[in-house]
Amino acid sequence: QVTLVESGGRLVQAGGSLRLSCAASGRIFSIYAMGWFRQAPGKEREFVAGRRRSGGSTDYADSVKGRFTILRDNAKNTVYLQMNSLKPEDTAVYYCAARSANTPSFDYWGQGTQVTVSS
């Protein structure tokens, strides 16, 4: 079992920056990749960014490319989402997720952290 705890969400003005953190605990060795998703009111949850636990491969949604960066600190078992040039449409609950090896999708989820971008 893997437990994920997000933090860092808050109200920020458009154009500002924010860094979200996701601390993982439990069966860390079983994690193959980690990612960030978000869900805005009335919308489905969408992928934001992801990266493998080892190696430098990353992936981003088109809507955040060039503005968001997913970072990791394996020594701290923590993944970060650095968000720059925030827009009101980035307002959502952001979820951290982990994917185990040999599974096709993310199977562990955090509780979410609210990010609100004011115009």
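User: Which residue in β11 is the bridge partner of Ala-92?

Analyst: Val-115. This is a predicted model: local features need pLDDT of at least 70, side-chain atom pairs count only at pLDDT 80 or more, and totals for chains, interfaces and linings use all residues. Residues are numbered from 1 along each chain as its sequence is written, and side-chain values use heavy atoms, with hydrogens and water left out.

User: What makes β9 and β11 a pair?

Analyst: Two strands pair if DSSP finds at least two bridges between them. β9 and β11 (residues 113–118) share three bridges, in the antiparallel sense. Three meets the cut-off, so they pair. Strands here are DSSP runs (E, at least two residues), numbered from the N terminus.

User: How do you know that β9 and β10 pair?

Analyst: β10 covers residues 108–109. Its antiparallel contact with β9 has two bridges. In β10, Tyr-108 is the bridge partner of Ala-98.

User: What links β4 with β9?

Analyst: Eight bridges, again antiparallel, with β4 at residues 31–39. One partner pair is Ala-33 with Arg-99 in β9.

User: Why is the link between Cys-22 and Cys-96 called a disulfide?

Analyst: The term needs a pair of cysteine sulfur atoms within 2.5 Å. Here the sulfur atoms are 2.0 Å apart. That is inside the limit, so the name applies. A search of the whole structure finds one disulfide. Cys-22 lies in β3 (residues 18–26) and Cys-96 in β9 (residues 92–100), so the link ties together parts 74 residues apart in sequence.

User: What is the handedness of the link of Cys-22 and Cys-96?

Analyst: Left-handed, with -75° about the S-S bond.

User: Are Cys-22 and Cys-96 buried or exposed?

Analyst: Both are buried. Buried means under 20% relative accessible area, exposed over 50%, partly exposed in between (1.4 Å probe, protein chains only). β9 as a whole is mostly covered: seven of its nine residues are buried.

User: Why is the contact of Arg-38 with Glu-46 called a salt bridge?

Analyst: A salt bridge has a side-chain nitrogen of Lys or Arg within 4 Å of a carboxyl oxygen of Asp or Glu. The closest N and O atoms of Arg-38 and Glu-46 are 2.6 Å apart.

User: What makes Arg-38 buried?

Analyst: Its relative accessibility is 6%, so Arg-38 falls under the buried cut-off. Glu-46 has 35% and is partly exposed.

User: How do you know that Asp-62 and Lys-65 form a salt bridge?

Analyst: Their closest N and O atoms lie 3.2 Å apart. The distance passes the test, so the pair counts. Asp-62, at 64%, is exposed. Lys-65, at 49%, is partly exposed.

User: What about the side chains of Asp-90 and Arg-67?

Analyst: They meet in a salt bridge, 2.7 Å from N to O. Asp-90 sits in the loop between β8 (78–83) and β9, and Arg-67 in the loop between β6 (58–60) and β7 (68–73), so the pair ties together parts 23 residues apart in sequence. Asp-90 has 0% relative accessibility and counts as buried. Arg-67 is buried too, at 10%.

User: Which residues do salt bridges that share partners join into one network?

Analyst: Arg-38, Glu-46, Arg-67 and Asp-90.

Technical notes:
Helices (H or I, at least four residues) and strands (E, at least two) are DSSP runs, numbered from the N terminus.
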